[in-house]
Amino acid sequence: MSRGAVRAGTVALDQSAFGALWGMFMDITAGETFGITTKRQVLAQIVVCNGCCCGRTDKGKPAIPVDWLKQTWKERRLQKHVQLTISGCLGPCDIVNVVSLVTSEGQRWFGGIKDAEPFRSLVEWAQATAELGEAPELPAELLQYEFRRFV
Ligand code: FES
């Protein structure tokens, strides 16, 4: 039997053939959920890092208004529309005060936030998202903190 031939129910594929097949699979399955659903769908999720560096004023880092964010989210009943998640380390600690924003359009990253104003902008954006039923443009005050997370 020659190399690459069918052998005991398997097919040996070279890397380019595998890549082509994988691409076809991804095209076919794009947007598929394989039957898995959640009753807790939201318009967006905001993940605010509160890990080993972000918000650690005891390490000389700028504060993050975590309690204010939680309280405001609760008072405005935003959680059903835009989920707020306070997380452990998200990775890019060198930037500090990192926020990740996830929508159906993808994931965006913000960092180097040194005061409360960008967090107020996030709250207003979340409120607008809840009222509109879709995510509006991000405010300019927030965009100045956007960075590229992945290579
Ligand atoms: S602690 Fe926030 S990115 Fe690491």
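A: Start with the hairpin, where two residues link β3 to β4. Strands here are DSSP runs (E, at least two residues) and helices are DSSP runs too (H or I, at least four residues), numbered from the N terminus. This is a predicted model: local features need pLDDT of at least 70, side-chain atom pairs count only at pLDDT 80 or more, and totals for chains, interfaces and linings use all residues. Residues are numbered from 1 along each chain as its sequence is written.

Now the pairing. Two strands pair if DSSP finds at least two bridges between them. β3 and β4 (residues 106-110) are antiparallel, with five bridges. Valine 99 has phenylalanine 110 in β4 as its bridge partner. β3 also pairs with β1 (residues 44-49), again in the antiparallel sense, over five bridges. There, valine 102 in β3 stands opposite glutamine 45.

Next, step back along the chain. The loop between β2 and β3 (99-103) holds asparagine 97. Its phi is near 50°, a positive value in a residue other than glycine. Most residues other than glycine have a negative phi. Is asparagine 97 buried or exposed? Asparagine 97 is buried because 24 other C-beta atoms lie within 10 Å. The cut-offs are 20 or more other C-beta atoms within 10 Å for buried, 12 or fewer for exposed, and partly exposed in between, with C-beta atoms placed from the backbone.

Arginine 77 also has a positive phi, near 55°. Arginine 77 sits in the loop between α2 (66-75) and β2 (82-87). Arginine 77 has 10 C-beta neighbours inside 10 Å, so this residue counts as exposed.
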